[in-house]
Amino acid sequence: MNRKEIVTRVGGGIHGPMATVKVKPHRRIGAGARTLVVTGSKKHAAYYQAGRHLRGVAAQAASSSNQAGSEPRVAIVGATGAVGQEFLELLDERDFPLKELKLLASARSAGKTMKFQGRDLVVEELKEDSFGDVDIALFSAGGGISKKFGPLASDAGAVVVDNSSAFRMTEGVPLVIPEINAEAMRGVNWRERTGGIIANPNCSTIIALMAVTPLHREAGVRRMVVSTYQAASGAGQAAMDELVLQTKEALEGKEVTKDIFPFQYAFNLFSHNSPMQDNGYNEEELKMVKETKKIWSYDDVSITATCIRVPVIRAHAESINLEFDRPLSEERARELLSGSPGVTISDDRAANSFPTPLDASYKDDVLVGRIRRDISREDQNGLDLFVCGDQIRKGAALNAVQIAELLLDQ
């Protein structure tokens with residue numbers, strides 16, 4: 001979605017009448033002075049303030065040398081991982097305005113260099129005092145790192161956009177998909193240096209809700225049944241690398257390397273590797289249930305999910321069955337989805353052409369197809385969909401960068 005407008009909605013919440021606002025990505029004006037500086041005045045179409053999650057008042061007493069300027073000083077935590085690398089690509093691609101950019105990772109990765117806009121940036125070791133000169137921190141280094149360093153970054157005055165599950169269900173922390181519930185972000189202002197935490201939803205939740213929410217607004221989802229087919233990227237760069245290695249080993253007739261998963265991954269699929277709960281659901285499945293209700297601010301929906309890991313590199317697929325409170329035709333569903341930001345319809349029955357993970361890879365939009373009436377019902381209150389979305393992009397890095405874009409004019 002390079003240079004493409006984001007359309008989001010304000011007022012009324014997920015279920016009420018809303019005004020539509022178009023938001024354009026920033027344009028980079030020039031280069032500035034430290035590791036990487038981009039300067040110049042910017043104009044945004046209406047952004048919304050972000051939900052405040054204060055961690056103390058220490059940031060309010062920051063020295064003048066640490067005060068925010070006209071453009072944010074940004075840090076990427078987990079810069080060398082798959083999502084961290086995607087952050088770098090997206091900040092460049094979307095011309096995100098930066099005063100400074102800091103790359104943070106483990107001590108093992110410290111000292112490495114990474115390319116950004118033709119410059120070599122040195123990765124620094126993540127430490128407790130890494131955030132005194134940071135305004136917006138993009139975190140993607142796992143829940144443990146987020147739980148330890150996220151509050152420290154917020155205390156230091158930075159707004160944290162966290163890609164882990166650490167804070168998603170924490171009361172007072174907004175859980176945001178910008179095209180869906182940007183209004184949940186009211187409260188945090190990065191220029192005030194008062195900190196805050198905003199959570200990025202789970203990748204499967206984001207990809208599903210990009211397709212389902214426009215239909216929910218129209219007809220009210222009563223029940224949702226989801227089966228996911230999840231790519232290796234959701235388990236990180238090491239899982240992606242192991243899938244490639246296993247594929248080569250299996251084709252050569254060798255015993256496959258199993259360092260990441262206890263199962264052969266190549267030419268196989270298995271239940272999602274997140275911890276299993278006493279009720280027979282795994283954590284990934286329950287994330288979809290809980291996060292959907294929080295994002296929609298709506299508890300009166302029944303959701304069940306089955307999450308499967310499949311041997312695909314970086315794009316998830318999901319089969320979704322929906323039961324609505326009110327009738328919704330296939331034609332109206334297509335009309336709604338065709339006008340939804342971040343969604344592309346791929347639904348050619350004559351050519352038997354529908355969304356695939358390969359088609360969705362490296363794309364910003366979620367692809368939606370197989371739009372059809374649920375023939376197990378006698379009424380018009382059921383639809384089936386098949387969706388695919390890039391797990392690293394919209395499922396993680398892109399969504400977080402869009403959140404950061406929404407913060408810029410606070």
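Predicted model: local features only at pLDDT ≥ 70, side-chain atom pairs only at ≥ 80, totals over all residues.
How many of the 410 residues of the chain count as buried? The answer is 55%, where buried means under 20% relative accessible area, exposed means over 50%, and partly exposed lies in between, with a 1.4 Å probe and protein chains only.

Good morning. Residues are numbered from 1 along each chain as its sequence is written, and side-chain values use heavy atoms, with hydrogens and water left out.

Let me begin with the overall picture. The chain has nine helices and 19 strands; helices (H or I, at least four residues) and strands (E, at least two) are DSSP runs, numbered from the N terminus. A contact means heavy atoms within 4.5 Å. Of the contacts in the chain with a separation of 6 or more, 70% are between residues 24 or more positions apart.

Seven strands form an open sheet in the order 14-15-13-16-19-18-17, with mixed pairing; two strands pair if DSSP finds at least two bridges between them. Strand 14 (270-271) and strand 17 (343-345) are at the edges, and each has a single partner strand, so one side of each is left without a neighbour in the sheet. Within this sheet, strand 13 (residues 221-230) pairs with strand 15 (residues 302-309) in the parallel sense, over eight bridges.

Please find Met 224, which lies in strand 13. Which residue of strand 15 stands opposite Met 224? That residue is Ile 303. Met 224 counts as buried because its relative accessibility is 2%. Leaving aside neighbours within four places in sequence, its contacts include Leu 209, Val 212, Thr 292, Ile 303 and Asn 321. Asn 321 is 97 residues away from Met 224 along the chain, yet the C-alpha atoms of the two are separated by 5.7 Å.

Strand 9 (residues 136-139) and strand 10 run parallel and are joined by four bridges, with Ala 137 opposite Val 160 in strand 10. Are the residues on the two faces of strand 10 (residues 159-162) buried or exposed? Both faces are covered: Val 159 and Val 161 on one side, and Val 160 and Asp 162 on the other, are all buried.

Next, the largest pocket. Its volume is about 990 Å³. The search used a 1 Å grid over the protein atoms alone: a cavity is a set of points where a 1.4 Å probe fits but cannot get out, whereas a pocket is an open set with protein on both sides within 12 Å along at least five of seven lines, and lining residues have an atom within 4 Å of a point. Grid points are joined across faces, edges and corners, and a volume is the space filled by probe spheres set on the points. The largest pocket is lined by 42 residues, and those nearest its centre are Ser 140, Ala 141, Gly 142, Gly 143 and Gly 234. Among the elements that give two or more residues to this lining are helix 1 (82-93) and helix 2 (143-155). The lining divides into 13 nonpolar, 23 polar and six charged residues. Here Ala, Val, Leu, Ile, Met, Phe, Trp, Tyr, Cys and Pro count as nonpolar, Asp, Glu, Lys and Arg as charged, and the others, Gly among them, as polar.

Two side chains deserve a look. Glu 330 is in helix 7 (residues 330-338) and is buried, with a relative accessible area of 18%. A polar contact of 3.0 Å joins the side chains of Glu 330 and Arg 349; such a contact is a pair of N or O atoms within 3.5 Å, where within protein one must be able to donate a hydrogen and the other to accept it, and residues adjacent in sequence count only if both atoms are side-chain atoms. Asn 381, in the loop between strand 18 and strand 19 (382-390), is buried at 11% relative accessibility. A polar atom of its side chain lies 3.4 Å from the backbone oxygen of Asp 325.

Finally, the backbone. Most residues other than glycine have a negative phi. Arg 193 has a positive phi, near 60 degrees, and Tyr 362 has a positive phi near 65 degrees. Arg 193 is in the loop between strand 11 (187-188) and strand 12 (196-199) and counts as buried at 0% relative accessibility. Tyr 362, in the loop between helix 8 (357-360) and strand 18 (366-373), counts as exposed at 56%. Thank you.
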